[in-house]
Protein chains: 2
Amino acid sequence: MAFTTKATIATFGGKLLKLAHKSATTGTDMNVNVFFPGGASETKKAPVLYYLSGLTCSPENCSEKGFLQATAARHGIAVVYPDTSPRGLDLPQEHDSWDFGEAASFYLDAGEATPYGKNYKMETYLTEELPKLLLSEFPALDGTRQSITGHSMGGHGALTLYLRHPGRYRSVSAFAPISNPSRCPWGQKAFKGYLGPADLEITPESASDSTIPEAWKSHDATELVKKWTGDKDLKMLIDVGTGDNFYINKQLLPENLEAAIKEAGLTGATVRYQKDYDHSYYFISTFGQDHVDHAAKYLLA
Amino acid sequence: MAFTTKATIATFGGKLLKLAHKSATTGTDMNVNVFFPGGASETKKAPVLYYLSGLTCSPENCSEKGFLQATAARHGIAVVYPDTSPRGLDLPQEHDSWDFGEAASFYLDAGEATPYGKNYKMETYLTEELPKLLLSEFPALDGTRQSITGHSMGGHGALTLYLRHPGRYRSVSAFAPISNPSRCPWGQKAFKGYLGPADLEITPESASDSTIPEAWKSHDATELVKKWTGDKDLKMLIDVGTGDNFYINKQLLPENLEAAIKEAGLTGATVRYQKDYDHSYYFISTFGQDHVDHAAKYLLA
């Protein structure tokens, strides 16, 4: 048994398992919650929607407050809530701020040369080790039908994992995603620390195509769509609240992603600006049904 | 303005206000959250559903995790989330345990002779002062159409306020309510402290009709239905999870309430035992839709 079950909770006609396991990829214990819809079994497998959470979060936040289970149960879809970073380490600067280090992995594999390279391999963990372990232990999950969504930093994670692994996920959506991290303070701080170079000084104002390192561009949704060679139909849904202070303060920059999608001649991407909504789970829970419906359209096709 | 607005949050097409005000009844500041469905106005007033929360809770728990708003928005119903007790006091034993004192008021008016009599006047606060202030400040609320629900201690509160004030609420429901507090440890501890006599020694085993003080019976749903003279159709919905440890350990005793309702020849009460569900908001959120639909049936009739 790869996983230790810390709790089994009946909810929306199915069950939520709180799981822990030792990850060979990160070299740490990892937590993950999984919602199984009622009736899922080895002979009636459930497709899987991954939800990546935002800065400071754990698998609990969306499990408790996102309300995704209500709609997932209706569609017979499983939802996987991974953690936002490895835990229990003591790396340089890992615990100095809430927007870098623990609970702020940005869902990438940190550069080997950085202090984070050995453990912060979240992309490999999320796209290889975790699905493999889940599918091996839970035959009710269907590894051939997966989609991904996420919030804020997790919206960035969902968009970039989707765009970096064409064909792995059937659709993508995001709530208030960090859409152009190379050009916002959160993303620049993270990319500098996780991808280097450590001595690079770059600001949102000075960021331009020529100053942004290629390593950063390869983890930036706005840059990735410029080079996208997959299906022109992006199967992408994004919601952003106009009352979201992080949107107002240009940490999210969905307008840059929208412009890049248009410029690249891609279709099937809907970006909605929801009047007055903020960055919280009050926003996510309101539009969660739409995002699960969006995934269901492709997972159940 | 009776209320200070601490936050205005867009959610489910309406808005959640986090309010604070000085209560003349409790002599303290009080917090209350109110969800206004979209489109409610002075000329299109919204009926009101009160939700009373459980031990240790605040107005936030159900606002964030209960998802009553999803269904209330659909029906055009407002939801009021009061606090679970006065705050900021320092009464004897008020902060010694999580099941008595602060955040554990049991929604009654404490006896004048007890140390709690001056401030813990929650029944008066909830049935008189709070509705009056809300209706006066928010003309979009319809004071002629009110229902009540709650969880655990708040389920006790909903049932007893409904049964003690015939006609005030159009319907009642409860999630895992403390249904016979005179005969369970939580209720006995609370009633002893709030209603006295302070030297009374009573245990669940020794509790009988003759040993239970009349003051306790008057705040006990199971006792109140025995003397109920209102409409025989109780318009009551109760859900209890069979995996709820507090149910298993006989803190809730819904079976006693059921038996008393049957014995009294009353109708219109549905008590459902939900297989494997626990005491948490995973349970409440699952059946929240049913409870708001139940209230809507009477509020919109």
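Tutor: What follows goes from conventions to the fold, the interface and single residues. This is a predicted model, in which local features need pLDDT of at least 70, side-chain atom pairs count only at pLDDT 80 or more, and totals for chains, interfaces and linings use all residues. Residues are numbered from 1 along each chain as its sequence is written, chains are lettered from A and ligands numbered from 1 in the order in which they are written, and side-chain values use heavy atoms, with hydrogens and water left out.

Student: How many helices and strands are there in chain A?
Tutor: Helices (H or I, at least four residues) and strands (E, at least two) are DSSP runs, numbered from the N terminus. Chain A has 10 helices and nine strands. Its radius of gyration is 18 Å, close to the 19 Å that the globule rule gives for 301 residues, so chain A is as compact as a globular protein of that length. That radius is taken over C-alpha atoms, and the rule is 2.2 Å times the number of residues to the power 0.38. Along the principal axes, the C-alpha atoms of chain A fill a box of roughly 55 × 40 × 35 Å.

Student: What percentage of the residues in chain A is buried?
Tutor: Buried means under 20% relative accessible area, exposed over 50%, and partly exposed in between (1.4 Å probe, protein chains only). Of the 301 residues in chain A, 59% are buried. For contacts, the criterion is heavy atoms within 4.5 Å. Among the contacts in chain A with a separation of 6 or more, 69% are between residues 24 or more positions apart.

Student: How is an interface sized?
Tutor: The size of an interface is often given as the accessible area lost when the parts come together. Here buried area is that loss with a 1.4 Å probe, summed over both parts. Chain A and chain B bury about 1700 Å² between them, with 62% of it on carbon and sulfur atoms. A10(B), F67(B) and Y282(B) supply 39% of the area that chain B buries against chain A, more than any other three residues. The contact takes 21 residues from chain A and 21 residues from chain B.

Student: Which residues other than glycine have a positive phi?
Tutor: One of them is S152(A), with phi of about 60°. S152(A) sits in the loop between β6 (141–150) and α4 (153–164) of chain A, and is buried at a relative accessible area of 3%. Another is L253(B), where phi is near 55°. L253(B) belongs to the loop between α8 (245–248) and α9 (254–263) of chain B; its relative accessible area is 6%, which is buried.

Student: What does V79(A) touch?
Tutor: V79(A) is in strand β5 (residues 78–82) of chain A and is buried, with a relative accessible area of 0%. Not counting residues up to four places away in sequence, V79(A) touches N33(A), V34(A), F35(A), L49(A), Y51(A), L68(A) and A72(A). By C-alpha atoms, V79(A) is separated by 24 Å from G27(A), 52 residues apart along the chain.

Student: Where is M236(B) found?
Tutor: Strand β8 (residues 233–241) of chain B holds M236(B), which is buried at a relative accessible area of 1%. Leaving aside neighbours within four places in sequence, the residues in contact with M236(B) include L159(B), V172(B), L257(B) and H294(B). M236(B) and G196(B) are 40 residues apart in sequence, and their C-alpha atoms are 30 Å apart in space.

Notes: Buried area is the accessible area (1.4 Å probe) that two parts lose on being put together, summed over both.
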